[in-house]
Amino acid sequence: MKNSFNPLDMHNLGVSITTAMLDSDPTPLGAVPRFQGAGLYAIYYTGDFPAYQMIAERNRDNKFEQPIYVGKAIPKGGRKGGLIVADPEKPTKGTVLSSRLKEHAGTVEKATNLNIEDFWCRWLVVEPIWIPLGENVLIARTAPVWNRIVDGFGNHDPGAGRHAGEVSRWDVLHPGREWVRKLKSRRESDTAEHIQDDITEYLRSRLG
């Protein structure tokens, strides 16, 4: 006998949040307006970069079925003791979500082999307490390449004296961010060609 449906179950709440976002109209990533609120988002690719063709085919002709990246933007100072703390009077003030999307647009524009016109996005303003849940469900549901295989798209310049880490796979595949030059090189075997092979294998297993 099946268990009765509980709309307040944590998983069902997460699905409700992500479904609301996926039902929204896509917007060109380079044309996101300034708006108030925090929340979650998905970025889509429609271009001709060889390794992403299986993704692009699912997003062209206004289908937008497969995000290449999923992320969240929480209010500044919103974390306390590992929890997301909402201000009951001003729960979604600030432009943290639109600012994050504009930051991503800037990252794409810096890449030497990507075109901002090939990127679209959806987003949903959400009360801060529900943002991590929605992001986790959306990543599990869509398994985006830039979340699972090619790390580093959302990285920031660590700042002066903090460049001890190595170059991310994203920056190996899509060079252009100047601050990355200060980081340590990846091992020689993890080349752009090797990363593209990993992407192709991953997408065949997921979407083929």
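I started at H7 and found Ala192, Ile195, Ile199, Tyr202, Leu203 and Leu207 buried; buried here means under 20% relative accessible area, exposed over 50%, and partly exposed in between (1.4 Å probe, protein chains only). Looking down the axis of H7, I see the buried residues fall within an arc of 100°, so they line one face of the helix. The arc is taken from the directions from the helix axis to the C-beta atoms. A reminder to myself: an α-helix has 3.6 residues a turn, so residues three or four places apart point the same way. On the other side of H7 I noted Glu193, Asp197, Glu201, Arg204 and Ser205 as exposed.

Before going on, I wrote down the ground rules. This is a predicted model, where local features need pLDDT of at least 70 and side-chain atom pairs count only at pLDDT 80 or more, while totals for chains, interfaces and linings use all residues. Residues are numbered from 1 along each chain as its sequence is written, and side-chain values use heavy atoms, with hydrogens and water left out. Helices (H or I, at least four residues) and strands (E, at least two) are DSSP runs, numbered from the N terminus.

**More on H7**

H7 covers residues 192-207, which is 16 residues. From first C-alpha to last, H7 reaches 22 Å, close to the 22 Å expected at 1.5 Å a residue; the expected span is 1.5 Å times one less than the number of residues. What covers the buried residues of H7? I found helix H2 (53-59), helix H5 (145-148) and helix H6 (169-173) among the elements that do, with contact meaning heavy atoms within 4.5 Å.

**Whole chain**

I counted 7 helices and 6 strands in the chain. Along the sequence they follow the pattern α-β-β-α-β-β-β-α-β-α-α-α-α. Of the 208 residues, 46% are buried. For contacts with a separation of 6 or more, 71% come from residues 24 or more positions apart.

**The sheet**

Next I traced an open sheet of 4 strands, in the order S1-S6-S2-S3 with antiparallel pairing. Strand S1 (27-28) and strand S3 (67-73) stand at the edges with a single partner strand each, so one side of each has no neighbour in the sheet. Two strands pair if DSSP finds at least two bridges between them.

I went through the pairings one by one:

- S1 and S6 are antiparallel over 2 bridges, and Pro28 has Trp120 in S6 as its bridge partner.
- S2 and S6 are antiparallel over 7 bridges, and Tyr41 has Trp123 in S6 as its bridge partner.
- Strand S2 (residues 39-45) and S3 are antiparallel, joined by 6 bridges, and Tyr44 has Pro67 in S3 as its bridge partner.

Which helices lie across S2 and S3? Helix H3 (residues 96-110) lies across S2, S3 and strand S6 (119-125), at about 25° to S2. Helix H4 (residues 131-142) lies across S2 and S3, at about 170° to S3. Axes are lines fitted to C-alpha atoms, for helices over the stretch in contact, and angles run from 0 to 180 degrees between N-to-C directions.

**Aromatics**

I took rings of Phe, Tyr and Trp (its six-membered ring) as paired if their centres lie within 6.5 Å; planes under 30 degrees apart are stacked, over 60 edge-to-face, and the rest tilted. By this rule I get 13 aromatic pairs. Tyr52 and Trp146 have ring centres 6.0 Å apart and planes at 75°, so this pair is edge-to-face. Tyr52 is in the loop between S2 and H2, and Trp146 is in helix H5, 94 residues apart, so to speak a link between distant parts of the chain. Both Tyr52 and Trp146 are buried.

Tyr69 and Phe153 also pair edge-to-face, at 4.9 Å centre to centre and 75° between the planes. This pair too links distant parts of the chain, with Tyr69 in strand S3 and Phe153 in the loop between H5 and H6, 84 residues apart. Tyr69 is buried at 11% relative accessible area, and Phe153 is buried at 1%. I put Tyr41, Tyr45, Phe49, Tyr52, Tyr69, Phe119, Trp146, Phe153 and Trp170 down as one aromatic cluster.

**Positive phi**

Asp61 has a phi near 60°, positive in a residue other than glycine. I found Asp61 in the loop between H2 and S3, exposed at 70% relative accessible area. Ala143 has a positive phi too, near 45°. Ala143 lies in the loop between H4 and H5 and is buried at 3%.
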